[in-house]
Amino acid sequence: MSTHAWESLSNQAVAAAGVIYFLALLSHLVEWSALIGRRTAVAERKVLVGPAGAESSVPSSTEAPVESEGAVGTSGSSGEDERATRAELFGRLGYLLTCIAVACHVVAIASRGFAAGRVPWGNMYEFTLAGTGIVAAVYVLLYRRLKLSWMAPAVVAFVLVFLMVAVLVLYTPVEPLTEALNSYWLVIHVISAALATGAFTLGGIASAMYLLKRRRPDTQTGWMARVPDLPVLDRVAYRIHAFGFPIWTFAVLISGPIWAHQAWGSYWNWDPKEVWAFITWVVYAGYLHARATAGWKGRNAAILALVGVATLWFNFIGINYFSTTSMHSYAAPAHVAAAAPAVPEALR
Amino acid sequence: MTVTEDRTPEREVAPIRELTPRELLRWGWRQLTSMRTALILLLLLALAAVPGSLIPQENLDSVKTSNWQAAHTTLAPIYRKLGLFDVYGTPWFAAVYILLMISLIGCIVPRLGVYWRGLRSQPPAAPRNLLRLPEATSYTTSASVEEVSARARAVLRRKRYRLRRVSTSTLEGAGEVSAERGYLREAGNLVFHIAVIVVLVGFAVGSLFGYKGGVIVLQGDQYGFSNELTQYDDFDPGSLFRPSMLNWFNLHIHDFHVDWIDSGPRQGMARGFRSDLRYQTSPNGPTKSYDLEVNHPLDIGGTEVFLIGHGYAPEITVRDGQGNIVSSGPAVFLPEDQSFLSFGVVKPPSGQISLEGLFYPSEVTLPNGQPVNVTGDIGDGSDAVLSLQVWKGDNGLANGPQSIYSLDTSKMTQVTAPGGKAFNLRKGQTVTLPDGLGSVTFDGITRWNKLQISQTPFKHVALGGVVLALLGLLGSLFIRSRRVWVRARETAEGTLVEVAVLDRSGGDEMAAVVAGLVAALQGRPEEEPE
């Protein structure tokens, strides 16, 4: 296939992924609406299991209060039943659609790479494409393990919005990399940065959920009731952040400087992107530190995590509108001699 | 076998330490304050770094900075006083990180002692009422107290816990096992913090004693560079740098290759370039050669040479009205865009005229007469065009040093070509200037390389520090630290076994750990592998 064919395959796959993400979002919204006004499985299960707990050899409270569709049938009228079935059906459909969309997304990223003949992380469009792809893929992979079904609408909406931003605002045709970007350290640097970005974003979503849930922790109905209890949310957020932070450290403070040293002759240049990556690092270091020593759990930690995500995404997109000197602004190759004075107007 | 569950509601558990309460309080207070201070300083550092990313910085982009200053006449003096054009070199920025460093050291040193004592001491004895701990459970069994204790010891040892040797129980006739694991967590934590200091020291040494300089070197064996201060075009030393720290070498560019992109949207731009560099590291030493490329620097005894740019230097000869040469040789023109349309000036030290103009490596004239540059690939040079404006009068060279890349025409008058402003020349052509001012010849084209030469002492210390920090971080995040107590005693119904866990790392599901321990003690398969 030619460069052009790969590129258009990539664009079609992005469009397909977008449409399927949208359907997945709709499906999750139907699921959500079916839950409104209904006592959820969690609430029921607590009631059911409570008195019977003594028979179990393990304290009942040790079981994480997860949603369990199996317990639903035991309660209520047939109308309740029907709605529960509907919620379950659409929940599964949503997850299935998300899986398909992720597959399209992966095809889009891969064919973009084939089109360019390199790793597909040469510009903002490609990085956003890869970043959202990683968020979605991490979510799909951790879905069962961390029981993330409660996160579904938020993640799918997030991925959809950023995919749209990528297509509408950031799109650039396939281009070869400039010389300075042509290094295997780029691959390592960007993979780790994107992976950490995905993890921090999921962690941020969990923290945002925490703050939402905190306002009405005892909600028994609707979608919020499916969101795990506050301590579980707090713990999930912490785990995702603890996973992301070492990767971010590697991306920003090890692979980044090594590459910068090779390409620009100085391992730390106080370039705006570097500065903001460092700020993000400091905020998340503060988050982990505050949890470990100052005992900041829950609300304060969640707010700090959201500040971290804000700096992360500001660095990714926002800083480009404030600063043009960044060597990370992929548009201008760093190797064109920087000190060129402005050409007098008469010569133009 | 019946199992009863006993969980106390969420409440504060008194810390278990062999310290007097007063000492404990003081220790705790000190700990808390220094931690909080460190945290605030950390966030302050982040905050202090923000302005530098939004306001143009002098040492990053001096042109942009001076433009900004010219555009903001009220703000610029205030910003200058606050050091906002060089944020990362200001005393207040330094103050934040030096304070942070002191706070870090003040934090680590006592903790090292605490950790050292903790390593040598045994896991603490069980608290009196185990079931008051947040994660605790109990069950009764027909096994004897001794059997339960032996089993608990075996299970905990298998799980790599450190066991308390003497098990004097606070309760008469009870068997008690105290265990602790995850000592390396705190070690990782300490390693991380020490490594941060190592990184700061490495970074500081690098920026205090290092330097970064740039020089444009023309291609050809007759040109070259030797590592002396006067040879640099720009030089940015650290504040403790001394010229004696420059090590001796010279180099020249024997040959230069560019790989042009010949199709696609970036057609005409350079994909890659490579210099055949020749260098000597001692005056009578052998000449070595090196392929210098982007991302592939040359290291000469700790001084590194980077290839960061390239361009064209048209060879221009200027003659005065009598035919005497007043200036000749290549003049470095700086690329204006990615197609290598370049701008440069020629300022002969003597003589009446100066030149400024554009160099088109590959010129095409549009139907409307407008010249455009197609590609940076000069080919055989037949499409290269030099478009020069000629100025007559005082070029200001006599008034002191000035940029060789710009011409101050305020005291000069322009000499116009017939039919237009600029004189256009192709390679080999000569144009005779009006009014007997002389002539200008475009002799040929030489290439140049922009080299960045820098010395960053302790860069491997900084790198090693970060790697160490990452390892310590992984340890402090993923090694789980906890204490376990198992107490067995005779009751009327059989042996009552109490199991309690104290989580010392946070973020773990302790209930699952307790369940797993109970299962192991009862000889059942564990549901949750540790």
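## Chain A at a glance

Chain A has nine helices and zero strands; helices here are DSSP runs of H or I with at least four residues, strands are runs of E with at least two, and both are numbered from the N terminus. Read from the N terminus, the elements go α-α-α-α-α-α-α-α-α. This is a predicted model, in which local features need pLDDT of at least 70, side-chain atom pairs count only at pLDDT 80 or more, and totals for chains, interfaces and linings use all residues. Residues are numbered from 1 along each chain as its sequence is written, while chains are lettered from A and ligands numbered from 1 in the order in which they are written.

Of the 348 residues in chain A, 51% are buried. Buried means that 20 or more other C-beta atoms lie within 10 Å of a residue's own; exposed means 12 or fewer, partly exposed is in between, and the C-beta atoms are placed from the backbone. Now for contacts, which are pairs of residues whose C-beta atoms, placed from the backbone, lie within 7 Å. Among those in chain A between residues at least 6 apart in sequence, 81% join residues at least 24 apart.

The predictor's confidence in each residue is its pLDDT, from 0 to 100. Chain A averages 76, and 72% of the residues score at least 70. Two stretches of chain A stay under 50: residues 40–76, with 48 contacts beyond four places in sequence, and residues 329–348, with 41 such contacts.

## The nonpolar cores

A nonpolar core is a set of buried Ala, Val, Leu, Ile, Met, Phe, Trp, Tyr and Cys residues joined through C-beta atoms within 7 Å. The largest one has 163 residues, and those with the most contacts inside it are A:Tyr21, A:Val155 and A:Val159. H7(A) gives the largest share of this core, 17 residues. Leaving out residues up to four places away in sequence, A:Val159 touches A:Tyr21, A:Thr132, A:Val135 and A:Ala136. There's also a second, separate core of 27 residues, which includes B:Leu133, B:Val148, B:Trp485 and B:Val518.

## Around H7 of chain A

A:Tyr238 sits in helix H7 (residues 230–264) of chain A. With 24 other C-beta atoms within 10 Å, A:Tyr238 counts as buried. A:Gly203 is 35 residues away from A:Tyr238 in sequence, yet the two are 7.4 Å apart in space, C-alpha to C-alpha.

Between H7 and helix H8 (272–294) of chain A there's a loop, and A:Trp270 is in it. Its phi is near 55 degrees, a positive value in a residue other than glycine. A:Trp270 is partly exposed, because it has 18 other C-beta atoms within 10 Å.

How far should the 19 residues of helix H9 (residues 298–316) of chain A span? At 1.5 Å a residue the answer is 27 Å, and the end C-alpha atoms are 27 Å apart, so the two agree. The expected span is 1.5 Å times one less than the number of residues. Buried residues of H9(A) include A:Leu304, A:Val309 and A:Phe316.

Helix H8 (residues 510–521) of chain B passes too: its twelve residues should span 16 Å, and its end C-alpha atoms are 16 Å apart. Its buried residues, among them B:Val513 and B:Leu517, pack against strand E2 (135–141), H5, strand E24 (482–491) and strand E25 (494–503) of chain B. Just after H8(B), B:Gly523 takes a positive phi of about 80 degrees.
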